[in-house]
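Please look over the sequence and the structure below. The paragraphs that follow go through them step by step.

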Amino acid sequence: MSNSLFVKICGLKTERDVDTAVEAGADAIGFVFSASPRRIDAATAARLARRVPEHVLTVGVFRAEPLDEVRSVAEAADIRAVQLHGPEDRDYYDDLAAGGWTLIRAAAFGDAVPRCGELGEDMLLVDAPVPGSGVAWDWTSKPQVGPGEKWLLAGGLTPDNVRDAVDATRPWGVDVSSGVERSRGVKDPALITAFVEAARARS
Ligand SMILES: O=C(O)c1ccccc1NCC(=O)[C@H](O)[C@H](O)COP(=O)(O)O
């Protein structure tokens, strides 16, 4: 991982898009295993993950799946991190932490954004209410995330708005899916590259 802003590109489904994200300098890539136009199966993710160098984090994205299912998909896909969008509790997080996965907790922006680490998570993703929708929340209202916390800004980011969003909120990292797609579920390599560059551009 680089020392600059952490950048995660989510919802990758093809070798071309994985290679593009890695070459562009992404720190993490996400594979979606829940209902979504971006959903892939564990075998496909395992094949894609084999292309990813050690310094890039492979993340499995889940929404309110049973713990056994998450564990077995994450093992089969050979991914290193798990991102959770459901109402999972501390025991659920503890179980996955014991399995060695890096944990990303997703929370919708709102009045009660949790503190990073409350459930043992390594990173907090502050997202729009509907994940993967491409809809932005009001970044100018700044979420109540403590300084120095490992939190990722997500929700409606694009190559055109990511720099302003970072300047407004000063997150530890950013995450994008819809904003690097040419149509829903279909990534655009040029947008992936443009997003990583824009996210890290000096303001
Ligand atoms: O991407 C999805 O379809 C999805 C489905 C179910 C749970 C999570 C999902 N995505 C999670 C992500 O990490 C997205 O990158 C994040 O929500 C930002 O999405 P977008 O607003 O489209 O950039």
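In which strand is the place of Ile 104? Ile 104 lies in strand 5, residues 102–108; strands (E, at least two residues) and helices (H or I, at least four) are DSSP runs numbered from the N terminus. This is a predicted model, in which local features need pLDDT of at least 70 and side-chain atom pairs count only at pLDDT 80 or more, while totals for chains, interfaces and linings use all residues. Residues are numbered from 1 along each chain as its sequence is written.

Ile 104 is buried because 28 other C-beta atoms lie within 10 Å; the cut-off for buried is 20 or more other C-beta atoms within 10 Å of the residue's own, with C-beta atoms placed from the backbone. Not counting residues up to four places away in sequence, Ile 104 touches Val 59, Ala 81, Gln 83, Glu 121, Asp 122, Met 123 and Leu 125. Contact means C-beta atoms, placed from the backbone, within 7 Å.

The largest nonpolar core has 62 residues. Such a core is a set of buried Ala, Val, Leu, Ile, Met, Phe, Trp, Tyr and Cys residues joined through C-beta atoms within 7 Å. Among the residues touching the most other members are Ile 29, Phe 31 and Val 82. Helix 6 (residues 189–200) gives the largest share of this core, 6 residues. Leaving aside neighbours within four places in sequence, Phe 31 is in contact with residues including Leu 12, Ile 40 and Ile 79.

The ligand is surrounded by 25 residues, and the closest are Cys 10, Ser 36, Gly 132, Ser 177 and Ser 178. Strand 2 (28–32) and strand 8 (173–176) are the elements that give two or more residues to this shell, where near means a C-beta atom, placed from the backbone, within 6 Å.

Note on methods:
A residue is buried if 20 or more other C-beta atoms lie within 10 Å of its own, exposed if 12 or fewer, and partly exposed in between; C-beta atoms are placed from the backbone. Two residues are in contact if their C-beta atoms, placed from the backbone, lie within 7 Å.
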